[in-house]
Amino acid sequence: MGVLQHSTVTLVTTCEDLQDPASADGAPVLAPVRGARAAGRSVVLASMGTILTGDAPGVGWESRGTGADGQPRGLTCRELCRGAWAGLFDAFGKERAEDGPLLAVALGPQKEPLGELRPPANMVCAPVGGDPEGGRRGLPDARRQQQFERGIV
């Protein structure tokens, strides 16, 4: 595993029989990302995962960790996600869409995930998980997220 420590790219894949075409949820992001990569532009992918952005009781969007006394402690997953996105926007966000790296952000299924955050012009986003068609095929949200990421790598 030492070889992975200094790799510039990490690819996640499964056997071809398990692969599923990227869902329509990721479509608004795929074309700009492929265009950016073809033009030699850097792409920054930000995905907080389906657990933090979802609605699972005890671990979802409005959940917080609990202390030894059983009382909620720390940030909600919503606050954690918004804090990470704010840092991403501060570090890489630009006022013009063509400047800097392209930010490809998977926001999750929440209605207004960014809240008061103002997305930069060089960002494209999609909810990614939670598409009904993928759910009917029995694919868990994390599997659809992998498909989305595989489509832009």
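**Sheet and nonpolar cores**

In this predicted model, strands E4 and E5 pair in the parallel sense over four bridges. Within this pairing, Ala104 stands opposite Val124 of E5. The two strands belong to an open sheet of three strands, in which the order is E1-E4-E5 and the pairing is parallel. E1 and E5, the latter spanning 123–126, are the edge strands, each pairing on one side only. From one strand to the next, the twist averages 20°. Helix H3 packs on the sheet and touches E1, E4 and E5. The direction of H3 makes about 175° with that of E4.

The largest nonpolar core consists of 12 residues in all: Val44, Ala46, Trp61, Cys81, Trp85, Leu88, Phe89, Leu103, Val105, Leu107, Leu114 and Met123. Two or more residues each are given to this core by strand E1 (43–47), helix H3 (77–92) and strand E4 (102–106). H3 provides the largest share, four residues. Apart from this core lies another, of nine residues, including Val29, Ala106, Val124 and Val128.

With residues up to four places away in sequence left out, Trp85 touches Met48, Trp61, Val105, Ala106, Leu107, Pro113, Leu114 and Leu117.

Key:
Residues are numbered from 1 along each chain as its sequence is written. This is a predicted model: local features need pLDDT of at least 70, side-chain atom pairs count only at pLDDT 80 or more; totals for chains, interfaces and linings use all residues. Side-chain values use heavy atoms; hydrogens and water are left out. A nonpolar core is a set of buried Ala, Val, Leu, Ile, Met, Phe, Trp, Tyr and Cys residues joined through side-chain atoms within 4.5 Å. Buried means under 20% relative accessible area, exposed over 50%, partly exposed in between (1.4 Å probe, protein chains only). Contact means heavy atoms within 4.5 Å. Two strands pair if DSSP finds at least two bridges between them. Axes are lines fitted to C-alpha atoms, for helices over the stretch in contact, and angles run from 0 to 180 degrees between N-to-C directions.
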